[in-house]
Amino acid sequence: MSGPDLSVNIAGVRLKNPVIAASGTFGYGSEYAGLLDISALGGICTKGLTLRPRTGNRGERLHETPSGLLNSIGLENPGVEAFIEKELPRMREPGPVIIANLSGEDIDEYAEGARLLDAAVDIIELNISCPNVKAGGMAFGLDGEAAAAVTQAVRRTAPHTPLMVKLSPNAPDIAAVARSCAAAGADAFSLVNTFKAMAIDTVRRRPVFDNVSAGLSGPAVRPIALRMVWELYDVLRDPVLTLNGGERAKPVVGIGGIACANDALEFLMAGAAAVEVGSATFARPCTMIEIIAGIEKYMRQNGFTCTEEICIR
Ligand SMILES: Cc1cc2nc3c(=O)[nH]c(=O)nc-3n(C[C@H](O)[C@H](O)[C@H](O)COP(=O)(O)O)c2cc1C
């Protein structure tokens with residue numbers, strides 16, 4: 001008997017299973033080559049890319065909290081052109097879908113980065129949700145109008161590449177941001193990026209991070225992220241967005257504290273078409289491989305033939 005079909009379709013791109021390495025936690029894939037079978041993954045999101053190279057933030061960049069991780073990396077990356085030249089050919093070899101996480105300080109930088117990435121990668125994940133940079137980043141993801149403007153600009157310069165907008169859990173009205181981005185041409189959404197948070201070093205009597213705040217990820221955020229994915233699923237099924245039922249609802253990729261198959265199943269049940277796994281990979285590099293095996297086992301036990309059957313909505 002053949003096994004269940006774990007493949008999923010995100011905006012017309014087929015992933016062999018619904019497990020994707022989250023941006024900023026898996027480098028460009030090759031860094032983990034000796035630790036796990038990268039070819040087994042559904043997809044890999046790159047570290048956040050910007051048109052110009054960035055050295056990232058000074059001072060502390062990572063700080064552990066109970067059940068969570070604070071980071072303030074500041075989008076250190078070699079720039080889009082160097083990524084395409086040096087990293088992309090190596091990334092292509094193992095076979096998972098390649099998702100370029102794109103950021104920028106202003107709309108022009110996003111648009112030009114997207115133009116270079118267009119058709120070079122399988123999906124662009126538009127990062128309008130990074131809380132760790134002073135200009136751009138999360139600022140675009142907090143407000144529907146700003147989010148729509150950057151989505152529209154990138155849609156125009158990267159017409160051949162499916163566009164997944166990575167939403168911020170820090171937006172006061174996530175539904176409004178998602179609706180604006182959908183109308184501006186987003187094909188899919190991923191949620192959540194990190195939660196704005198902070199820590200204080202009580203010995204030095206000052207904030208741990210030079211920027212004061214940082215982004216919280218890991219198991220601590222999972223129940224909140226799950227609730228947000230559940231709600232976004234409903235928003236994207238609003239008949240106004242799906243042209244009175246004529247267009248398929250745009251898929252959501254669930255992210256936030258996923259560390260085992262059961263966590264991933266919760267997101268798939270809530271309506272996510274796929275999941276991204278981030279912080280958990282730092283502690284146990286094989287986490288994603290175990291999650292894929294656990295999802296397959298669950299599908300067999302329940303007699304499911306495709307991943308959509310996991311959804312309880
Ligand atoms: C060290 C670190 C770096 C990150 N860098 C990025 C990034 O460059 N772009 C981005 O969109 N998200 C970035 N993220 C956010 C993750 O992709 C993910 O959305 C978030 O950590 C929640 O998932 P998790 O709880 O599984 O880690 C980063 C997270 C961490 C921990």
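Strands, as named in these legends, are DSSP runs of E with at least two residues, numbered from the N terminus; the structure shown is a predicted model.

**View 1. A positive phi at A11, in the loop between β1 and β2.** Although A11 is not a glycine, its phi is positive, at about 50°. The residue belongs to the loop that runs between β1 (8-10) and β2 (13-15). A11 has 17 C-beta neighbours inside 10 Å and therefore counts as partly exposed, since a residue is called buried at 20 or more such neighbours and exposed at 12 or fewer.

**View 2. A positive phi at L75, in the loop between β6 and α1.** L75, which is likewise not a glycine, has a positive phi of about 55°, and lies in the loop that links β6 (68-71) with α1 (80-92). Because 24 other C-beta atoms are found within 10 Å, L75 is classed as buried.

**View 3. The cis peptide bond between L191 and V192.** The peptide bond that joins L191 to V192 is cis, with an omega of about 20°. V192 is placed in the loop between β10 (188-191) and β11 (195-198).

**View 4. The shell of residues around the ligand.** The ligand is surrounded by 27 residues, of which G24, G48, S217, G278 and S279 are the closest. When the shell around the ligand is divided by class, it comprises 10 nonpolar residues, 15 polar residues and two charged residues.

Conventions. Residues numbered from 1 in each chain as written. Predicted model: local features only at pLDDT ≥ 70, side-chain atom pairs only at ≥ 80, totals over all residues. Helix = DSSP H or I, 4+ residues; strand = E, 2+ residues; numbered from the N terminus. Near = placed C-beta within 6 Å. Nonpolar A, V, L, I, M, F, W, Y, C, P; charged D, E, K, R; others polar.
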